Amino acid sequence: MSAKLSRQDIARVAAHDIPDGACVNLGIGLPTLIADYVPAGRELMLHSEQGLLGLGPAPAPGEEDYDVINAGKFPVTLLPGASVFSHSESFLMIRGGHIQIACLGAFQVAANGDLANWTVDAPNQIPGVGGAMDLAAGAEKVWVLMEHCTKEGQPRILEQCTYPLTAPGCVDRIYTDLAVIDVTETVLVVRRLAEGWTLQALQAVTGAPLTLAADCSVYRQPATQGE
């Protein structure tokens, strides 16, 4: 039976893939969930663009402090040694190349790594690119976390983005509810497939050619959650 990962499981898998000691920005939406699933014993520096370094998981019910929020305006905790600083200093970190991985949501990703995550160009919409453009350009690597298809079943991974771009050729890896896909110079490489899925089935819901990694594994939530 073909399975899909939940949003929480996508975040959990990405959290387990982050190397120890990395400085990682968590963008609005699905990426903010990563803070809840950092493996036990892993020391990461989680960054939020409004001026936080050292994010921890969401607080227990009743212990929320709305002066301490993530990029999505949800309350978070701060780990021992965390820093709080100005918005301008936060962007100095981003533009100065001090972020190893930016984890961002997306509406679309192109086969060459183009990123569209700030507007669908819909009538009456008030678009705002926010800090995504700086993160896409300033981080060493960009990981996208998103559902593989829209609610209407249309692919989000395409030959070319149809929405306005946030940044060209910036995406290195894509985490969806169906697969983990690396963006290379020549092709999209499927590193992990959700249980029950084949390359052919994944290709049918993807708008760009895929190739299967020789060591492709089953894509499921890590056995050790480390919450």
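Colleague: In which sense do β6 and β7 pair, and over how many bridges?

Modeller: In this predicted model, β6 and β7 pair in the antiparallel sense, over two bridges. The definition asks for at least two bridges between two strands, so β6 and β7 count as paired. Within this pairing, Val109 has Leu115 of β7 as its bridge partner.

Colleague: Why is helix α1 said to be largely enclosed by the rest of the structure?

Modeller: Eight of the eleven residues in α1, which covers residues 7–17, are buried, so the helix is described in that way. Among the buried residues are Asp9, Ile10, Arg12 and His16. The buried residues of α1 pack against β8, β10, β12 and β13.

Colleague: How many aromatic pairs are there, and why is the pair of Phe107 and Tyr163 called edge-to-face?

Modeller: The count comes to two aromatic pairs. For Phe107 and Tyr163 the ring centres are 6.2 Å apart, and the limit for a pair is 6.5 Å. Their planes stand at 85 degrees; an angle over 60 counts as edge-to-face, and therefore the pair carries that name. Phe107 belongs to the loop between β5 and β6, and Tyr163 to the loop between β9 and β10, so the pair ties together parts 56 residues apart in sequence.

Colleague: How do you know that Phe107 and Tyr163 are partly exposed?

Modeller: The relative accessible area of Phe107 is 29%, and that of Tyr163 is 27%. Partly exposed covers the range between under 20% for buried and over 50% for exposed, so both residues fall into that class.

Colleague: What makes the pair of Trp143 and Tyr175 tilted?

Modeller: The planes of Trp143 and Tyr175 are 50 degrees apart, with 5.4 Å centre to centre. Stacked requires under 30 degrees and edge-to-face over 60, so this pair is tilted. Trp143 lies in strand β8 and Tyr175 in strand β10, so the pair links parts that are 32 residues apart in sequence. Both Trp143 and Tyr175 are buried.

Colleague: Which residue lies over the face of Trp143?

Modeller: Arg173 does, at 5.6 Å from the ring centre. The distance limit for a charge over a ring is within 6 Å, and Arg173 meets this limit.

Note on methods: Residues numbered from 1 in each chain as written. Predicted model: local features only at pLDDT ≥ 70, side-chain atom pairs only at ≥ 80, totals over all residues. Heavy atoms only, no water. Buried < 20%, exposed > 50% of the residue type's maximum accessible area, 1.4 Å probe, protein only. Helix = DSSP H or I, 4+ residues; strand = E, 2+ residues; numbered from the N terminus. Contact = heavy atoms within 4.5 Å. Phe/Tyr/Trp six-rings, centres within 6.5 Å; stacked < 30°, edge-to-face > 60°. Lys NZ or Arg CZ within 6 Å of the ring centre and 35° of its normal.
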